[in-house]
Amino acid sequence: LRVYVIDPDRFGGGRAERLMVEGREAAVVRDFHEGKWIETPVEEADTADGQVTLVAENLNQAGNAVISIVEWVCR
C-alpha cells in the first residue's frame, strides 16, 4: 500500500501525523510540505475480511491530518 501526503499550506504551523494500517504504525510524518510517499506492506491476512483500515492520526493540535492519494502496488 502506498500513501501520499502533502502539506502545501503548512496548515496550523505545519501538519504532523501518524499513519496506521490495520492497527500498525506505518509512519510518523512531519514537515511534508513538498509531499511524501509512504509505502507499507499489506499481508493477505490483513485483507481477509475484504477491508483494510487506514488511519491518519493528527499529532498537531493546531492542524489536522491529511491523506492525498492511496494506491495499491502489486509486486
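A residue counts as buried when its relative accessible area is under 20%, as exposed when over 50%, and as partly exposed in between (1.4 Å probe, protein chains only). By that rule, buried residues make up 28% of the 75 residues in this chain.

Before you click around, some ground rules: this is a predicted model, where local features need pLDDT of at least 70, side-chain atom pairs count only at pLDDT 80 or more, and totals for chains, interfaces and linings use all residues. Residues are numbered from 1 along each chain as its sequence is written, and side-chain values use heavy atoms, with hydrogens and water left out.

**Stop 1: the whole chain.** Switch to cartoon view. You'll find six strands and zero helices; both are DSSP runs numbered from the N terminus, with helices (H or I) needing at least four residues and strands (E) at least two. The C-alpha trace spans about 40 × 20 × 15 Å along its principal axes.

**Stop 2: the core.** Now select Leu1, Val3, Val5, Leu19, Val21, Ala27, Val29, Phe32, Ile38 and Val66: these ten residues make up the largest nonpolar core. Such a core is a set of buried Ala, Val, Leu, Ile, Met, Phe, Trp, Tyr and Cys residues joined through side-chain atoms within 4.5 Å. Strands E1, E2 (16-21) and E3 (24-30) each supply at least two residues of this core.

Zoom in on Ile38. Leaving out residues up to four places away in sequence, Ile38 touches Leu1, Arg2, Val3, Leu19, Ala26, Ala27 and Val29, where contact means heavy atoms within 4.5 Å.

**Stop 3: two rings.** Which residues form the aromatic pair? Select Tyr4 and Trp37: their pair is tilted, 4.9 Å centre to centre with 50° between the planes. Rings of Phe, Tyr and Trp (its six-membered ring) pair if their centres lie within 6.5 Å, and planes under 30 degrees apart count as stacked, over 60 as edge-to-face and the rest as tilted. Tyr4 sits in strand E1 (residues 2-5) and Trp37 in strand E4 (residues 36-39), 33 residues apart. Tyr4 is buried at 17% relative accessible area, while Trp37 is partly exposed at 37%.

**Stop 4: Glu71.** Finish in strand E6 (residues 69-71), the place of Glu71. Glu71 is partly exposed, at 29%. Not counting residues up to four places away in sequence, Glu71 touches Leu1, Arg2 and Trp37.
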